[in-house]
Amino acid sequence: MDASAAPPRYERFHELLAKTEVIEAFLQKKLPNVKRYGLEGSESIVVLIDQIIYEGAQLGISDVVAGLTHRGRVSILPTLFNYPKDELLRKITGGSEFADDSPHTGDIILDVPKLTTIQYSDIDSPVNVEVMWNACHLESGMPVSMGKSRTKDIGIARSKMDPDYIIGDNVLSVSLHGDSGFAGQGIVAESLSMSGLAHFTNGGTIHIINNNQVGYTTPPSHTRTTRYASDIAKFADIPVIHVNGEHPEEVARAARIAVAYRQRFRKDVIIDMWSFRKRGHNEMDEPSFTQPAMYKVINARKSIPTQFEDKLISKGLLSKNKADTVRREWLNSLNKAYIASAECRPVGPEQSHVWKLLSRSGSRPIEKTTGVDENTLYQTGVDSVKQSENIKVHPRIERFHIKPRLKRLQDGQGIDWATAEAMAFGTLLREGYNIRLSGQDVGRGTFSHRHAMFVCQESEQVYVPLNHMEDCKQQQTQQGKLEVVNSNLCEEAVVGFEYGVSTEDPFTLAIWEAQFGDFYNNSQAIVDGYIASGETKWGQQSGLVMLLPHGFDGGGPDHSSCRIERHLMLSNDPVDGRTHSHPLPNIYVTYPTTPAQFFHLLRRQVKRNFRKPLIVAGPKTLLRLSSASSSLSEMGPGTQFRPVLDDSTISDPQMIKR
């Protein structure tokens with residue numbers, strides 16, 4: 001395929017550019033004191049995004065996950081992604097994107113999401129576009145979009161049952177960045193380093209750097225040590241296309257090349273679009289305080305939309321009357337929307353079809369028992385250590401892991417944490433749920449306790465016993481899949497990725513385990529901006545589980561505490577036991593002390609009619625402590641998680657003085 005041979009879509013480009021320029025001027029006139037982080041000087045971004053989506057649609061892409069930055073979101077949402085203009089103006093003027101009686105606080109206009117559909121006249125099928133929510137921490141949405149797009153793509157492939165499926169066939173991830181943020185934020189390098197890993201690839205993300213050659217007030221010479229903002233991607237062998245944003249037709253050509261490369265090689269690709277920023281970092285700034293020479297040049301230039309419009313008219317490709325009509329009709333619609341914004345009543349962001357199967361935020365919980373028939377528990381425990389004929393297991397695993405587990409299962413007593421976890425996983429898999437267990441060394445487990453996967457001592461082939469439960473095959477039941485993900489050695493991007501997984505598919509149990517509990521420190525921005533507050537801000541539920549090994553057992557100051565106090569501070573769970581205005585807390589923070597409690601927590605996470613993040617202060621010494629074990633009956637029918645375990649050694653609680 002010749003990526004440069006596609007016919008031009010100049011009329012479409014002109015419409016997008018003209019509308020962008022009109023809405024920017026409209027907002028500057030009507031609301032000059034609002035910080036909108038405008039797109040003036042970088043308007044070609046709308047052409048670039050539209051052409052990427054168009055090219056993808058021609059090649060069979062049905063869905064796009066778009067991660068936008070602050071800059072330009074206010075213009076891009078209504079111009080390209082059909083965000084209702086009256087709702088947008090209501091939001092800009094101080095209203096909420098939610099109804100007045102909504103339990104959600106909403107977010108700033110620069111972070112709001114959007115589900116929409118784009119239909120191109122010359123392509124039969126529409127493209128579903130999900131504009132992602134954005135937390136204010138720069139680039140934090142990058143791995144979230146990656147996790148969501150991969151999970152969405154796999155979900156579509158499962159529904160199609162396509163035998164020739166390749167990751168990335170259905171969903172395209174598009175991620176916008178600023179030049180200084182892309183060069184400076186460590187999460188970018190973390191995300192790029194995992195973009196080609198087997199359990200993290202989404203078939204390739206197209207990254208767009210909106211390179212306006214200044215970071216807030218700081219010039220490129222002080223924001224990076226490299227020549228180009230995109231140079232950080234060189235370590236991952238990601239190709240970069242540099243393009244001048246003042247030429248929309250060349251920007252569209254860059255989009256065609258990028259999509260063709262991504263579809264051919266299923267790898268990330270970067271478009272570094274050089275542009276400028278007409279005003280300051282926001283509209284209240286005076287940029288000539290710090291870049292006087294640059295802004296003398298910028299202020300003397302015609303706008304990019306006007307330059308492109310003049311070029312089309314001079315070449316006879318567009319009439320002056322048509323150009324004026326586009327601008328006039330768009331301005332009229334904005335004026336009408338401005339008047340209507342005072343009375344509009346938004347319903348809030350839409351939900352995807354899978355989330356509609358669960359209760360909305362604010363609903364009362366339906367708590368089901370999570371116990372399982374003891375024969376099923378026993379068989380699942382046995383299956384968790386069943387070996388394949390083609391796998392030679394390490395003799396120490398055979399002696400200290402497999403045989404003791406089978407003995408405990410036979411006795412029905414002394415069930416340890418790893419066995420309880422395996423039975424929770426296995427019983428959920430039997431019921432058709434998928435599980436994704438991610439983190440550093442989770443297959444074996446930091447403390448060599450889990451062994452969810454066996455590695456052949458001769459071939460190093462990996463075998464996951466719970467994915468091969470024989471009775472499920474014999475009964476031809478649809479067993480779920482356990483994806484064991486030994487992640488790369490980072491936390492922030494991986495936690496963001498798993499959060500994205502959890503928000504796309506509520507029926508996949510997404511788990512991230514820290515190697516040691518305090519290692520989650522590096523992902524604090526994801527915990528604050530997404531996990532703890534995502535439902536409050538955006539109405540987006542998440543069932544992500546964070547397993548944080550906790551315990552002061554001689555590991556030193558940096559391998560002991562998972563900082564329980566921080567998680568409790570993030571929770572809005574009322575301390576007096578009354579619900580007040582919150583039917584449920586934003587997150588659950590738990591410190592289970594028996595394997596049975598852990599078993600029920602994991603199963604409860606997907607058996608409820610809603611989803612909440614679960615923070616587990618997990619065991620270390622307790623993993624093998626005989627007094628911290630459970631019986632099969634504690635996980636049997638009619639049992640469930642108990643928030644507090646009574647002290648069974650106390651016969652008369654009234655006698656307790658302290």
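**Ground rules.** I am working from a predicted model, in which local features need pLDDT of at least 70 and side-chain atom pairs count only at pLDDT 80 or more, while totals for chains, interfaces and linings use all residues. Residues are numbered from 1 along each chain as its sequence is written, and side-chain values use heavy atoms, with hydrogens and water left out.

**The sheet.** I looked up the strand order and found an open sheet of seven strands, β2-β3-β1-β4-β5-β7-β6, with mixed pairing; strands are DSSP runs (E, at least two residues) and helices likewise (H or I, at least four), numbered from the N terminus, and two strands pair if DSSP finds at least two bridges between them. At the edges stand β2 (114–118) and β6 (240–244), each with a single partner strand, so one side of each has no neighbour in the sheet.

Helix α2 (residues 44–58) lies across several strands, among them β1 (63–67), β3 (127–131) and β7 (269–274).

**D383.** I found D383 in helix α13 (residues 374–383), and D383 is buried, with a relative accessible area of 2% (buried is under 20%, exposed over 50%, partly exposed in between, with a 1.4 Å probe and protein chains only). Leaving aside neighbours within four places in sequence, D383 is in contact with R430, P465, L466, M469 and D471.

Notes. Contact means heavy atoms within 4.5 Å. Axes are lines fitted to C-alpha atoms, for helices over the stretch in contact, and angles run from 0 to 180 degrees between N-to-C directions.
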